[in-house]
Amino acid sequence: MAKAPRLSTANEFGALIRVRCQGCRTRRHYRPLDLIAVFDNIPVLDLAPRFRCQKCSSAEFVQAEIWLPWPNEWPGLEIRELVRVDTVRRPVWKDVKM
């Protein structure tokens, strides 16, 4: 049985990751190395459940795939670039009887 391709495999071939929402027809393109920095080197098939559409807020209709654009598709292509990863510090409390 063949293994599902990982993000690093997509990066080796110079491909992009296309995430689309079938509900509102929104498409976003990501570089695999940016997604590796956020999610680690996971199989591309495991990406979709980790996304939520920013336009319609749905997670139900999101799909992710490896996409290698044709040379004529590169000019004007919009790619989402990772700027930084913020870490949220959240306190955890417990009640202690004295």
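Two strands are taken to pair if DSSP finds at least two bridges between them, and helices (H or I, at least four residues) and strands (E, at least two) are DSSP runs numbered from the N terminus. The model is predicted, with local features needing pLDDT of at least 70 and side-chain atom pairs counting only at pLDDT 80 or more, while totals for chains, interfaces and linings use all residues. Residues are numbered from 1 along each chain as its sequence is written, and side-chain values use heavy atoms, with hydrogens and water left out.

Six bridges link β1 to strand β3 (residues 62-67) in the antiparallel sense, and Arg20 stands opposite Gln63 in β3. β1 also runs antiparallel to β2, to which five bridges join it; here Cys21 faces Thr26 of β2. The hairpin of β1 and β2 has four residues between the strands, and in it Arg25 adopts a positive phi near 65°. Five of the six residues of β1 are buried, where buried means under 20% relative accessible area, exposed over 50%, and partly exposed in between (1.4 Å probe, protein chains only).

The next element to consider is α2. Its buried residues include Pro32, Asp34, Leu35 and Phe39. They lie on the same side of α2 because they cover an arc of only 155° around the axis, the arc being that of the directions from the helix axis to the C-beta atoms. An α-helix has 3.6 residues a turn, so residues three or four places apart point the same way. The exposed residues Leu33 and Ala37 are carried on the face of α2 turned away from its buried side. Among the elements covering the buried residues of α2 are α1 (7-12), β1 and β2. Just after α2, Asp40 has a positive phi of about 80°.

In the loop between α2 and β3 lies Ser58, which counts as buried because its relative accessibility is 14%. Leaving aside residues up to four places away in sequence, Ser58 touches Arg52 and Cys53, contact meaning heavy atoms within 4.5 Å.

A pocket is an open set of points, on a 1 Å grid over the protein atoms alone, where a 1.4 Å probe fits, with protein on both sides within 12 Å along at least five of seven lines; lining residues have an atom within 4 Å of a point. The volume of the largest pocket is about 410 Å³, taken as the space filled by probe spheres set on the points.
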